[in-house]
Amino acid sequence: MKKLVAKGAASLALLSLSALPVLAQDAEAAPAVTPEVAYIFNTLLFLIGGFLVMWMAAGFAMLEAGLVRSKNVSMQCLKNISLYSIAGLMFWITGYNLMYTGVDGGFMGSFGPYSFDPVGGDALDTGYSTASDWFFQMVFVATAASIVSGTLAERIKLWPFLIFTVVLTGFIYPIAGSWQWGAGWLSEMGFSDFAGSTLVHSVGGWAALAGAIILGARKGKYGTDGAVHPMPGSSMPLATLGTFILWLGWFGFNGASQLAMGSIGDVTDISRIFANTNMAAAAGVVAAVILTQVMYKKVDVTMALNGALAGLVSITAEPLAPSVWQAVFIGAIGGVIVVFTVPLLDKLKIDDVVGAIPVHLIAGIWGTLIVPLSNDGASYGTQIVGIVSYGVFTLVASGFVWFILKAAMGIRVSEEEEALGLDKVEIGVEAYPEFGTGSQRM
């Protein structure tokens, strides 16, 4: 037995010595991986990043379920699984091609469904499987639609919302995305948005803002005397769970946006992106907690949750280049933005149920604007041009669609239906049928 142990120890020692040149200071001398290996690792990055971002759909569902009243929880769950499914179909039917095929410095790509590699395909010229790339890009589309869902909760009809989701995921988002990620005109100008502070989050936020203005506030939210009447959510544990799921999914959102894992440099950069993403989120929470304590003498858990998300959105435009202190600063300002913007929207009587506009729109603008702080290849002027262009396009296009839906079929339930709750009147399935009706009476 001792002999076997000694031989095993000797073998492990030899294995360790043989691995040292690759794992330690001589890593730069290691031979480059073959195109086949790079293809495998790049594809794996897209797939892992993709299913992490897909998991964010669960995060949005839980966050929204916790922040709406109990009479509307089932509706939010239905909307989230529906919008994810619609996004997948529309991004295959035409969205991907509109965003990536034949843009060539212009304003949009081509119409038509996207074709994947054949079974057993080995097209090494792309550097990754085309299906993995499609999947990774598709889950970003669903994220943009989820932002709209939370803002307009508790008073919008189901089918108008789903029709808007078809237009947003199939046309508005892909056309906007083509300007930068599809090598369109903004990319040619030098606009920089690494993982989508503007392309995903602000686009979703602008679409949500247009809908909130046209839809109007929930009944009883704002008094005639200017008072704001709080409408507490059904479950802070669910909202907290949703936030942690989103936080986890964001590592795929930002990390896989490196778009390559076939070299030591790429893997090192991905790990740096993970660290910066986490630090920005943590700073957003701490900033929101401290600021609400100072301003209101109590810490608001919903502000802390949205502080984390705002920190994440803020760092998404450039998660690689910042130092740790820069990432902390960028995320902390995101948390501050939430604390100040939520009451500002209430003063403007814009009813955002989950705080998505401060988190995704305003923090997205901040994150995109501050990119030149750490990225010398970006300029503030070009970043402003991109921010304004995305805002004008999305606000106008979304507003146009919302107005058509309002005129054609109506987008808001009646006051009586709103009072009863959308779970009962729209889908007939209550989330908590055996529990009390405390929040349902509000």
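The structure is a predicted model, in which local features need pLDDT of at least 70, side-chain atom pairs count only at pLDDT 80 or more, and totals for chains, interfaces and linings use all residues. Residues are numbered from 1 along each chain as its sequence is written, and side-chain values use heavy atoms, without hydrogens and water.

**Figure 1. The whole protein.** The protein has 15 helices and 0 strands; these are DSSP runs numbered from the N terminus (helices H or I, at least four residues; strands E, at least two). Its C-alpha atoms fill a box of roughly 80 × 55 × 45 Å along the principal axes. Buried residues (under 20% relative accessible area with a 1.4 Å probe, protein chains only; exposed is over 50%, partly exposed in between) make up 54% of the 442 residues.

**Figure 2. The largest pocket.** A pocket is an open set of points on a 1 Å grid over the protein atoms alone, where a 1.4 Å probe fits, with protein on both sides within 12 Å along at least five of seven lines; lining residues have an atom within 4 Å of a point. The volume is about 720 Å³, counted as the space filled by probe spheres set on the points. Of the 26 lining residues, Lys-221, Asp-300, Thr-302, Val-342 and Asp-346 lie nearest the centre of the pocket. Helix 10 (301–316) and helix 11 (324–347) each supply at least two lining residues, and helix 11 gives the largest share, 4 residues.

**Figure 3. Trp-402 in the largest nonpolar core.** A nonpolar core is a set of buried Ala, Val, Leu, Ile, Met, Phe, Trp, Tyr and Cys residues joined through side-chain atoms within 4.5 Å. Val-148 and Trp-402 touch the most other members among the 100 residues of this core. Beyond its neighbours within four places in sequence, Trp-402 is in contact (heavy atoms within 4.5 Å) with residues including Leu-152, Phe-164 and Ile-411.

**Figure 4. The loop at Ala-183.** Ala-183 lies between helix 5 (158–178) and helix 6 (185–189). Ala-183 counts as partly exposed because its relative accessibility is 37%.
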